[in-house]
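Here is a note for a colleague who is opening this model for the first time. Please keep the structure in view while reading the points below.

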Amino acid sequence: AKTQGRGNFQFFSPAMNRATHERLLLENRLWQGLEQREFELYLQAQIDLSDRHVIGAEALLRWHHPELGMVSPDRFIPIAEESGLILALGDWVLQEAVGLLQRWRSAGLGHLRLAVNLSARQCHGGGLLPLLDRLLADSGIDPALLELEITESAAMQDPERSRELLRELRARGIKVAIDDFGTGYSSLSYLKLFEIDRIKIDRGFVKDIESDPNDAVIVAATIALAHSLGLEVIAEGVETEAQSDFLRNKRCDEAQGYLFARPLPVPAFEEFAHPALAS
Ligand code: C2E
Ligand code: CA
Ligand code: CA
Ligand code: CA
């Protein structure tokens, strides 16, 4: 990207100029959106593959802009990340997530775990641990019900710092999952370096599990490897019964995907996770 410091002149083609302009516009709208409370957390169920009961959920950000409508995180997260806005947004997400866990405790949903995505910038800035300490102390929630998902590539940006961060998180009893497993460095050495609890097999491998023998082998081997290291495994993007059967046969612990539930607004997820509670 052509991000240059102040005072550095840079020539853009008209097309680039437009792209840059649109980016700046979106960035401004993001800041405004945070102030105007245009963000919402959706929850996607995570289920136990052996009996399909709901174990918890992954929190996924949604942005409803008054004019643009629903903007996909794939579009706004990279901009938020690059502009630094992700720090404020990420703090908001964590605060909301802990608030949910706190509410669930007194609403008969106290067994549910909540997974939150961390961006690279959040991991490597210094604000995360103090924020978590404050949220945990104020809420009194069980830290083991909070899981933080960090992507392989974010962790590998600065392996030493990541290692330290993951150790600090786990010292607090917070769970850690490696997201998008298999898409980044494909070096497995970091599994030895990082203290983690769970591996999330990327949707890219799950998608063609039935048709691509290589993907089937990779997924089966990943599950076996994780288990031999004492880690749990969750598969993301499970859309068919055949995928679910394959994963269950390979002893994958948990799964997440449209087959079981789409990301849902909080009340709809709560009803899905505990139908008796429907109000
Ligand atoms: P991710 O962490 O890999 O999240 C999984 C994505 O797969 C979600 O997309 C989810 O809606 C989608 N998905 C779940 N099940 C299925 C399925 O069966 N089939 C298909 N085709 N897709 C499925 P979503 O919600 O659009 O989020 C996209 C990405 O944006 C996330 O990928 C994550 O990297 C990022 N993101 C979302 N919320 C946050 C957040 O609060 N903080 C940060 N830093 N990133 C976030
Ligand atoms: Ca994730
Ligand atoms: Ca993922
Ligand atoms: Ca993914």
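Which residues in α5 meet which residues in α7?

1. Leu128, Leu129 and Leu132 in α5 meet Leu165, Glu168 and Leu169 in α7, where contact means heavy atoms within 4.5 Å. By class, this contact of α5 with α7 has 5 nonpolar, no polar and 1 charged residues; Ala, Val, Leu, Ile, Met, Phe, Trp, Tyr, Cys and Pro count as nonpolar, Asp, Glu, Lys and Arg as charged, and the others, Gly among them, as polar.

2. Before going further, please note that this is a predicted model, in which local features need pLDDT of at least 70 and side-chain atom pairs count only at pLDDT 80 or more, while totals for chains, interfaces and linings use all residues. Residues are numbered from 1 along each chain as its sequence is written, chains are lettered from A and ligands numbered from 1 in the order in which they are written, and side-chain values use heavy atoms, with hydrogens and water left out.

3. The geometry of this helix pair can be stated as follows: the axes of helix α5 (residues 128-139) and helix α7 (residues 159-171) come within 11 Å and cross at roughly 10°. The two helices are therefore roughly parallel to each other, a term for angles under 35 degrees, with over 145 counted as roughly antiparallel, 65 to 115 as roughly perpendicular and the rest as oblique. Axes here are lines fitted to C-alpha atoms, for helices over the stretch in contact, and angles run from 0 to 180 degrees between N-to-C directions; helices (H or I, at least four residues) and strands (E, at least two) are DSSP runs, numbered from the N terminus.

4. A second pair is formed by helix α3 (residues 85-105) and helix α12 (residues 266-273), which pack at an angle of about 40° with their axes 13 Å apart, and that makes α3 oblique to α12. The residues making this contact are Leu100, Arg103 and Trp104 of α3 together with Val266, Phe269 and Glu270 of α12, and they divide into 4 nonpolar, no polar and 2 charged.

5. Turning to the metals, the calcium ion (ligand 2) is coordinated by Glu58 (OE), Asn117 (OD1), Glu149 (OE) and Asp179 (OD), at 2.2 to 2.3 Å; donors are N, O and S atoms within 2.8 Å of the metal (3.2 Å for Na, K and Ca), and water is not among the atoms, so sites may look incomplete. Glu149 in strand β5 (residues 146-151) and Asp179 in strand β6 are 30 residues apart, and the pair links distant parts of the chain. Both Glu149 and Asp179 are buried, meaning under 20% relative accessible area, with exposed over 50% and partly exposed in between (1.4 Å probe, protein chains only).

6. Asp179 also coordinates the calcium ion (ligand 3), which is 3.7 Å from the calcium ion (ligand 2). Asp180, in turn, bridges the calcium ion (ligand 4) and the calcium ion (ligand 3), which lie 3.2 Å apart.

7. Asp180 lies in strand β6 (residues 175-181) and Asp202 in the loop between β7 (198-201) and α9 (203-206), so the pair ties together parts that are 22 residues apart in sequence. Asp180, at 23% relative accessibility, counts as partly exposed, whereas Asp202, at 13%, counts as buried.
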